[in-house]
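Please read them alongside the coordinates.

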Amino acid sequence: MSLEDLKHAQRERILFLDQCLTWRGQANRRDVMERFDISMAQAAVDFRTYLSLTGTPPVYDTAEKAYFSTSNHSPLTNAGPEQVFELLDSKTTSLGACIPLPNRVMDHTVVSQLYRAMMAERDIQITYTSMTTGLSDPQWISPVRFHFDGEAIHLRAWSYKHNTHRDYLPIRITKQSEAETRERPSPLPFDTDWHSIVRLWIRPHSSLSDAQARVVRREYGFQEETHITVKTRRALAFYVVRRWRLNENNARLELDMIEELDS
C-alpha cells in the first residue's frame, strides 16, 4: 500500500499525522480526531495505516499515551512554512504570533470578463492604470492565460498597443459594466518568453562573510552545492527575482546568472 492507494480523505489524515510527528515530534489519536472530527475507531485505523507506510515508525509511550518520533524519523512528504506554523502554533488568541498579509482585492466582474474573453479567444478593450505611467487610454488586449506569483494573480495577454505579450494585474483594470470585445483579427504571435525555460543560479550574496554565507546556505538548503537553482519560464523570471528579493539592498541571496534551457 502507498499514499496514492488511499482515498483522499484518509490520505489527508495520514499526511497530518506525518507532519505532527515530523514537526511536533509526537502525535496521538485525539490530534487527528479533533482535526478531522472522526471517531476513536477511525483514528486507530489511521494510525495503523500510517505505521504500515512509514519506514521510520514512531515509538508509543504508554505513560503519555502518544507516539513519539525517533531521531531517524523520515517524513512521508514535505510541508511549507504555513503548514509548519499551524502545527506549532500554541492556539492562543493573542495578537502578534503571525503577521497579517495584505489582501489584494480583485473585482469579480473584471476577472470574469477577462476569463470569458480568454475562453472565447476574443480581444477585449480595457483601461489600465500603470504604476509607471499612470492611467492609460482604452486599449485592446487579447487575454491568453492567468498566472500567480505567490502574492497576486496576473493576466498574460497580447497587447495591440505595445505589439507584444505583456502581464496585467486585473486589480488595476477599470471596472466596466459591459466590456467591449471583438474577434481576433488574426492568430496571435507565438509567446516566446512564455514557452522558453530558464534556470536561475542563485548563491549567497557576495557581501556576506564566510560565517554568514554558511548560515544562509543552511537556511535555504544548499547542502554541499555552491548554488541553488530554480527553473521557470523566461516570462516569470522577473517574479522569481522579486519574490526572492534578489535585487534588494542587504539581500541574503543574489542572482549569479540565468541559463537558457531547451523549451
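1. Where is the place of H227? H227 sits in the loop between α7 (210-219) and β12 (228-233); helices (H or I, at least four residues) and strands (E, at least two) are DSSP runs, numbered from the N terminus. The model is predicted, so local features need pLDDT of at least 70 and side-chain atom pairs count only at pLDDT 80 or more, while totals for chains, interfaces and linings use all residues. Residues are numbered from 1 along each chain as its sequence is written, and side-chain values use heavy atoms, with hydrogens and water left out.

2. The side chain of H227 has a polar contact of 2.7 Å with the side chain of D256 and one of 2.9 Å with the side chain of T226. A polar contact is a pair of N or O atoms within 3.5 Å; within protein, one must be able to donate a hydrogen and the other to accept it, and residues adjacent in sequence count only if both atoms are side-chain atoms. With neighbours within four places in sequence left aside, H227 is in contact (heavy atoms within 4.5 Å) with W201, I202, R203, F222 and D256.

3. The largest pocket holds about 670 Å³ of space. Its lining has 26 residues, and Y128, S130, R166, D167 and R172 lie nearest the centre. β8 (153-159), β9 (164-168) and α8 (237-243) are the elements that give two or more residues to this lining. On a 1 Å grid over the protein atoms alone, a pocket is an open set of points with protein on both sides within 12 Å along at least five of seven lines, a cavity is a set where a 1.4 Å probe fits but cannot get out, and lining residues have an atom within 4 Å of a point. Grid points are joined across faces, edges and corners, and a volume is the space filled by probe spheres set on the points.

4. By class, the lining of the largest pocket has nine nonpolar, seven polar and 10 charged residues. Ala, Val, Leu, Ile, Met, Phe, Trp, Tyr, Cys and Pro count as nonpolar, Asp, Glu, Lys and Arg as charged, and the others, Gly among them, as polar.

5. The second largest pocket has a volume of about 500 Å³. It is lined by 13 residues, with R242, R243, W244, R245 and E248 the closest to its centre. α8 gives the most to this lining, with three residues. The classes here are five nonpolar, one polar and seven charged.

6. One cavity of 30 Å³ or more is present, and the largest cavity has a volume of about 40 Å³. α5 (108-120) and β4 (122-126) each supply at least two of its lining residues. Six of the lining residues are nonpolar, four are polar and none is charged.

7. Five aromatic pairs are found in the whole structure. Rings of Phe, Tyr and Trp (its six-membered ring) pair if their centres lie within 6.5 Å; planes under 30 degrees apart count as stacked, over 60 as edge-to-face and the rest as tilted. The rings of F16 and F36 are edge-to-face, because their centres are 5.6 Å apart and their planes at 80°. F16 belongs to helix α1 (residues 8-24) and F36 to helix α2 (residues 29-36), so the pair ties together parts 20 residues apart in sequence. F16 is buried at 9% relative accessibility, whereas F36 is partly exposed at 29%; buried means under 20% relative accessible area, exposed over 50%, partly exposed in between (1.4 Å probe, protein chains only).

8. The rings of F47 and Y67 are stacked, because their centres are 4.9 Å apart and their planes at 20°. F47 is buried at 4% relative accessible area, and Y67 is buried at 18%. F47, Y60 and Y67 form one aromatic cluster.
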